[in-house]
Amino acid sequence: MIPKGSPRLDAAYRFIAFAASPQVQGKLTEYIAYPPANNDATAFLDPAVLPDLVTAPGRAGNSLHSDADFWADKGDELKQRFTAWLAK
C-alpha cells in the first residue's frame, strides 16, 4: 500500500517491484514457511526448505481452517461469553 499523497511515490513503486520480484520472494521462504506469492519465484526456492513450507505434501492436515459462516452466526455470542468468563 502506498499512502495517498506520498512524496516518494517513485521509491514506493520501486520497493514494491523489488519485494514482489521472484528472487526476493524465493529468498523469503528461508525465513518464513509460506510459499511465495509470485509463481515465478519457484525457480529461486532452496530445495532444502520445500518440506517446511505450509504447502508441502502432508502438511495440510496440520493447518487450522476458519469457518466464516460459523463466526458470522456465532461470533458475537461467543465474544460475549468469553468476555463474561474473563470478568469472573
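Read from the N terminus on, its elements go α-α-α. Keep in mind that this is a predicted model, in which local features need pLDDT of at least 70, side-chain atom pairs count only at pLDDT 80 or more, and totals for chains, interfaces and linings use all residues. Residues are numbered from 1 along each chain as its sequence is written, and side-chain values use heavy atoms, with hydrogens and water left out.

**Overall form**

- The chain has a radius of gyration of 20 Å, while a compact globule of 88 residues would come out near 12 Å. That radius is taken over C-alpha atoms, and the globule rule is 2.2 Å times the number of residues to the power 0.38.
- Along its principal axes, the C-alpha trace spans about 50 × 45 × 25 Å.
- Of the 88 residues in the chain, 17% are buried. Buried means under 20% relative accessible area, exposed means over 50%, and partly exposed is in between (1.4 Å probe, protein chains only).

- Leu-9, Tyr-13, Phe-15, Ile-16 and Phe-18 make a nonpolar surface patch of about 530 Å². Patches are made of residues with over 30% relative accessible area and no salt bridge, with like charges joined within 9 Å and nonpolar side chains (Val, Leu, Ile, Met, Phe, Trp, Tyr) within 5 Å. The areas come from the Shrake-Rupley method with a 1.4 Å probe, and for residues only the protein chains shown count as cover.
- Phe-15 sits in helix α1, which covers residues 9-19. Phe-15 counts as exposed because its relative accessibility is 53%.
- Phe-18 is also in α1, three residues from Phe-15, or about one turn of the helix. With 49% relative accessibility, Phe-18 counts as partly exposed.

**Aromatic pairs**

- The whole structure holds three aromatic pairs. Rings of Phe, Tyr and Trp (its six-membered ring) pair if their centres lie within 6.5 Å; planes under 30 degrees apart count as stacked, over 60 as edge-to-face and the rest as tilted.
- One of the pairs is Phe-15 with Phe-18, which is tilted, at 6.3 Å centre to centre and 45° between the planes.
- The rings of Phe-70 and Trp-71 have centres 5.1 Å apart and planes at 85°, so this pair is edge-to-face. Phe-70 is partly exposed at 37% relative accessible area, and Trp-71 is partly exposed at 48%.

**Polar contacts**

- A polar contact is a pair of N or O atoms within 3.5 Å; within protein, one must be able to donate a hydrogen and the other to accept it, and residues adjacent in sequence count only if both atoms are side-chain atoms.
- A polar atom in the side chain of Ser-21 lies 2.8 Å from the backbone oxygen of Phe-18. Ser-21 is in the loop between α1 and α2 (22-28), and it counts as buried at 15% relative accessibility.
- Gln-25 belongs to helix α2, and its side chain reaches the backbone nitrogen of Ala-37 at 2.9 Å. At 13% relative accessibility, Gln-25 counts as buried.

**Salt bridge**

- There is one salt bridge in the structure, meaning a side-chain nitrogen of Lys or Arg within 4 Å of a carboxyl oxygen of Asp or Glu.
- The partners are Glu-30 and Lys-27, with their closest N and O atoms 3.1 Å apart.
- Glu-30 is partly exposed at 35% relative accessibility, and Lys-27 is partly exposed at 42%.

Methods. Helices (H or I, at least four residues) and strands (E, at least two) are DSSP runs, numbered from the N terminus.
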